[in-house]
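Here is a short tour of one protein chain. Keep the sequence and the model side by side as you read.

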Amino acid sequence: MEDALLSAASIPSPLLIFIHSSPLFPNTRARLPLSSAAFEEFLQLVDSTTAVRMGVFCRKHAQPDKDTHRKADKPTMDFYAIGTICRVFRAARGSDGACFLEVEGLARCE
């Protein structure tokens, strides 16, 4: 099966954009951590009976300093144009209070 590149506009259900620090690919699953505030907002936005699709886009890492060649400590606020449309199959709060979404990659998107 060929991995099609989708336009975000072609996704029929609500599209929530989520930024992730490492890539997520079609046909893979990942656990995406959320702050408590973002988790509560997510729960308010979605209906438990609705299949939620969202775009996951990865941040670019800062380039090393040209003079010192030291790596940057923090990622940039620049993102790759290609991401992955994912299906959210679980939104949960762990026993330690950590909030997360479990998602499955469906297709690439831009």
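## Two faces of a strand

Strand E3 has a covered face made of Ala-30, Leu-32 and Leu-34. Its uncovered face holds Arg-29, Arg-31 and Pro-33. In a regular strand, side chains alternate between the two faces of the sheet. Strands (E, at least two residues) and helices (H or I, at least four) are DSSP runs, numbered from the N terminus.

This is a predicted model, in which local features need pLDDT of at least 70 and side-chain atom pairs count only at pLDDT 80 or more, while totals for chains, interfaces and linings use all residues. Residues are numbered from 1 along each chain as its sequence is written, and side-chain values use heavy atoms, with hydrogens and water left out.

## The overall plan

The protein has 1 helix and 7 strands. From the N terminus, the order is β-β-β-α-β-β-β-β. Buried residues (under 20% relative accessible area with a 1.4 Å probe, protein chains only; exposed is over 50%, partly exposed in between) make up 29% of the 110 residues.

Two strands pair if DSSP finds at least two bridges between them.

| Strands | Sense | Bridges | Residues standing opposite |
|---|---|---|---|
| E3 and E7 | antiparallel | 6 bridges | Arg-29 and Glu-104 |
| E6 and E7 | antiparallel | 10 bridges | Val-88 and Val-103 |

The hairpin of E6 and E7 has 5 residues between the strands. There, Gly-97 takes a positive phi near 90°.

## The covered side

Which residues touch the most other members of the largest nonpolar core? They are Leu-32, Met-54, Val-88, Leu-101 and Val-103, out of 15 residues in that core. Strands E3, E4, E6 and E7 and helix H1 each supply at least two of its residues. Such a core is a set of buried Ala, Val, Leu, Ile, Met, Phe, Trp, Tyr and Cys residues joined through side-chain atoms within 4.5 Å. In soluble globular proteins, nonpolar side chains tend to be buried together.

## The uncovered side

Turn to the arginines of E3. The charged end of Arg-29 sits over the ring of Phe-89, 4.1 Å from its centre. Arg-31 lies over the face of Phe-100, at 3.8 Å from the ring centre. The rule asks for CZ of Arg, or NZ of Lys, within 6 Å of the ring centre and within 35 degrees of the ring normal.
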